[in-house]
Amino acid sequence: MSAAHRRATTRLLTAVALGTLVLTGCGESGKESGDPTTPVAATTNAQPSAGKSPSAETSPWAGTKQFVTIDRVWTEEGVTRLSVRPAQKEVNTQFDTWVVTPGTGDFTTVTLTGDARVLLTTPVREEAPGASRAEPLPSSHAEFVTLVKGLDPALAKGIGYDLSFDGSGQVTKVQSLYRP
């Protein structure tokens, strides 16, 4: 094998490994699922009631991670709220990205904790100098609300988000999945 061929192979393998880390969220806190083909929303069969905020007593999502689509996002009395519905995600190996399959049924309102982390990729966030489009970058709650509200409705329906819930059923982390 020539030196040029080895370098090209090494570059390709490095790009694949980095792409996998970005797409699966591996390497961050060690708590994320390493299997990107397992739908996170399938970790619970129970669904919160439509239009109601989950509470510590009633939230089947308390202490879980869920993959969802967002219908709308808003701030009310200083609290960021999301109208969400479970969805499924699959790796699209042909294009090294995700295929999002929106769920059916009613949307549920969930709230973000005051210190919830919001990490956004494109197309939710704008281009960022020095960052790849797939790199999740931190965002404020206010910026998140503005960006999601500004998305084209047809595009917004196909964007998925990984949500992490605390023990009381509030969202502690939101991360959008990259879509080219």
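Select Lys89 and Asp162 first: the two form a salt bridge, with their closest N and O atoms 3.1 Å apart. The pair links distant parts of the chain, since Lys89 is in strand 2 (residues 79-92) and Asp162 in strand 6 (residues 160-165), 73 residues apart. A salt bridge here is a side-chain nitrogen of Lys or Arg within 4 Å of a carboxyl oxygen of Asp or Glu. Helices (H or I, at least four residues) and strands (E, at least two) are DSSP runs, numbered from the N terminus. Lys89 counts as buried because its relative accessibility is 7%, and Asp162 counts as buried at 18%. Buried means under 20% relative accessible area, exposed means over 50%, and partly exposed is in between (1.4 Å probe, protein chains only).

This is a predicted model, in which local features need pLDDT of at least 70 and side-chain atom pairs count only at pLDDT 80 or more, while totals for chains, interfaces and linings use all residues. Residues are numbered from 1 along each chain as its sequence is written, and side-chain values use heavy atoms, with hydrogens and water left out.

**Colour by confidence**

Colour the chain by pLDDT, the predictor's confidence in each residue, from 0 to 100. The chain average is 76, and 68% of the residues score at least 70. Then select residues 12-56, where pLDDT stays under 50. For that stretch the model has 72 contacts beyond four places in sequence, a contact being heavy atoms within 4.5 Å. Where pLDDT is low, the predicted coordinates should not be read in detail.

**The other salt bridges**

How many salt bridges are there by this rule? The count comes to 3. Select Arg81 and Glu76, whose side chains meet in one of them at 2.8 Å, N to O. Arg81 counts as buried at 16% relative accessibility, whereas Glu76 is partly exposed at 38%. Next select Arg133 and Glu127, a salt bridge with the closest N and O atoms 2.6 Å apart. Arg133 is partly exposed, with a relative accessible area of 33%.

**Strand 1 and its partners**

Show strand 1 (residues 65-76) with strand 6: the two run antiparallel and are joined by 5 bridges. Strands pair if DSSP finds at least two bridges between them. Phe67 stands opposite Asp162 in strand 6, and Asp162 is the residue that forms a salt bridge with Lys89. Now show strand 2, which is antiparallel to strand 1 and joined to it by 8 bridges. Here Ile70 stands opposite Val84. The hairpin of strand 1 and strand 2 has 2 residues between the strands, and in it Glu77 takes a positive phi near 50 degrees.

**Aromatic pairs**

The whole structure has 2 aromatic pairs. Rings of Phe, Tyr and Trp (its six-membered ring) pair if their centres lie within 6.5 Å; planes under 30 degrees apart count as stacked, over 60 as edge-to-face and the rest as tilted. Select Trp61 and Phe165, a tilted pair with 5.3 Å from centre to centre and 50 degrees between the planes. Trp61 is in the loop between helix 1 and strand 1, and Phe165 is in strand 6, 104 residues apart. Are these two residues buried or exposed? Trp61 and Phe165 are buried.

Then select Phe144 and Tyr161, whose ring centres are 6.3 Å apart and whose planes are at 75 degrees, so the pair is edge-to-face. Phe144 lies in helix 2 (residues 141-149) and Tyr161 in strand 6, so the pair ties together parts 17 residues apart in sequence. Phe144 is buried at 0% relative accessibility, and Tyr161 is buried at 1%.

Select Arg125 in the loop between strand 4 and strand 5 (137-139). Arg125 counts as buried because its relative accessibility is 8%. Which backbone oxygen does its side chain reach at 2.6 Å? The answer is that of Ser132. The backbone oxygen of Arg133 lies 3.4 Å from a polar atom of the Arg125 side chain.

Finish at Thr113, in strand 4 (residues 108-120). Thr113 is buried at 10% relative accessibility. A polar contact of 3.1 Å joins its side chain to that of Asp115. A polar contact is a pair of N or O atoms within 3.5 Å; within protein, one must be able to donate a hydrogen and the other to accept it, and residues adjacent in sequence count only if both atoms are side-chain atoms.
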